[in-house]
Amino acid sequence: MADSDFYRPPLPDLITQIRNDILSRFQSDEVLRRADAEVYSRTVAAAVNSLYGYLDYLARNMLPDLADESWLYRHGNLKKCPRKQPAAATGWARWDGATDGVSIAAGVELQRDDQVVFVTTAAAKAAGGILRIPVECETAGMTGNTDDGIKLTLISPVSGLSSTALADTIAGGSDLEDVEQWRARIIDRWYYIPQSGADPDYVEWAESVAGITRAWPLRNWDGPGTVGVMCATDDDMDPTPTAAQLQSVTDYITPKSPVAGSSLFVFGPTLKTVNFQILLNPDTTDTRTAVQSELKAFLKRDGQPNGTLEISRMNEAISSAAGEYSHTLLAPSADIVLGDTELPVAGTFTWTQQSS
């Protein structure tokens, strides 16, 4: 059974044990395939095996570390650690060169080329040749996050306005919390008992906000008695939270923190770009992709404020990439030390060819 020295007999052993018990009670040693003792032993053993299976299931789910996803809802509710639900991306749609005075109402739909729909959330009017209106993705999740400059097309025309707008700072969308990240937060609630403002409390509070997956408390950030909380998302390229997410963290922590609101500072990380130059063998598209994935995972795993990115660990990450046989890491050439608020992100990848 799960995390237990209890022995669960396999089905054949149960059949043998029950058969022997029945035969001993009847003081008989005759074993026939269709004898009552044989039928009884197989039938009862099957039922007992099912009961053992159910006990095993309960043993696995009674604590959150091995619990099934459905049981995690119970564990999370008991620890006031509900699963973070998907959040919709928000931002702006922008028209450049719009005629001053042209307006657009709330509730107007715009569509990205991949059929993702955005809805305006307030009315706006063009001024200075620019019309900028707040929008929210109709579908919750990361699918709504849109790079600046991506075209958004009006589903229904608006008088005096071009049918095509441009995305402007549309971000903040997050998917349903990954089950293992949720499990880790529940286990942290068991392990770190709330202590009215101890460092783990700030981490738990910040990570309770949708989209925030990492946080670090910084004591005496702006003088004695102040607390800084640096937050980051799970994004490989830019883990900086949006202004709305940072405000949500502030709003969530302020009523719980023993520190006055004016002494609480919530902010995103300073990004430390790490460029890589690698001689790879074999140098194929699939191997390059695997190496990039492993190095990005390494930066997220080892990248901590005031931490050190070890060259040996980078080489280990590259060696674990699928398809890699050998490599030479040419850059960076030394360990990288991170500052108080720095988090590393992958920059450019340069693939050096083997000289003949």
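Analyst: The answer takes the spaces one by one and then turns to some of the parts around them.

This is a predicted model, in which local features need pLDDT of at least 70 and side-chain atom pairs count only at pLDDT 80 or more, while totals for chains, interfaces and linings use all residues. Residues are numbered from 1 along each chain as its sequence is written, and side-chain values use heavy atoms, with hydrogens and water left out.

Rolling a probe the size of a water molecule over the atoms shows where empty space is left. The search uses a 1 Å grid over the protein atoms alone: a cavity is a set of points where a 1.4 Å probe fits but cannot get out, and a pocket is an open set with protein on both sides within 12 Å along at least five of seven lines. A lining residue has an atom within 4 Å of a point. Points are joined across faces, edges and corners, and a volume is the space filled by probe spheres set on the points.

The largest pocket holds about 600 Å³ of space. It is lined by 25 residues, and those closest to its centre are Met142, Asn145, Gly173, Thr233 and Asp235. Sorted by class, this lining has five nonpolar, 12 polar and eight charged residues. Here Ala, Val, Leu, Ile, Met, Phe, Trp, Tyr, Cys and Pro count as nonpolar, Asp, Glu, Lys and Arg as charged, and the others, Gly among them, as polar.

The second largest pocket holds about 380 Å³. Its lining has 20 residues, with Val203, Glu207, Thr213, Arg214 and Ala215 closest to the centre. By class they are seven nonpolar, three polar and 10 charged. At least two lining residues come from each of helix H4 (179-191), helix H5 (199-207), strand E9 (214-219) and helix H7 (285-302). Helices (H or I, at least four residues) and strands (E, at least two) are DSSP runs, numbered from the N terminus.

Five of its six residues are buried, so E9 is largely enclosed by the rest of the structure. Buried means under 20% relative accessible area, exposed over 50%, and partly exposed in between (1.4 Å probe, protein chains only). E9 runs antiparallel to strand E10 (residues 227-232), and six bridges join them. Two strands count as paired if DSSP finds at least two bridges between them. In this pairing Ala215 stands opposite Cys231 of E10. Ala215 is also one of the residues closest to the centre of the second largest pocket.

H7 and strand E16 (342-352) each supply at least two residues of the cavity lining. E16 gives the largest share, four residues. By class, the cavity lining has six nonpolar, one polar and five charged residues.
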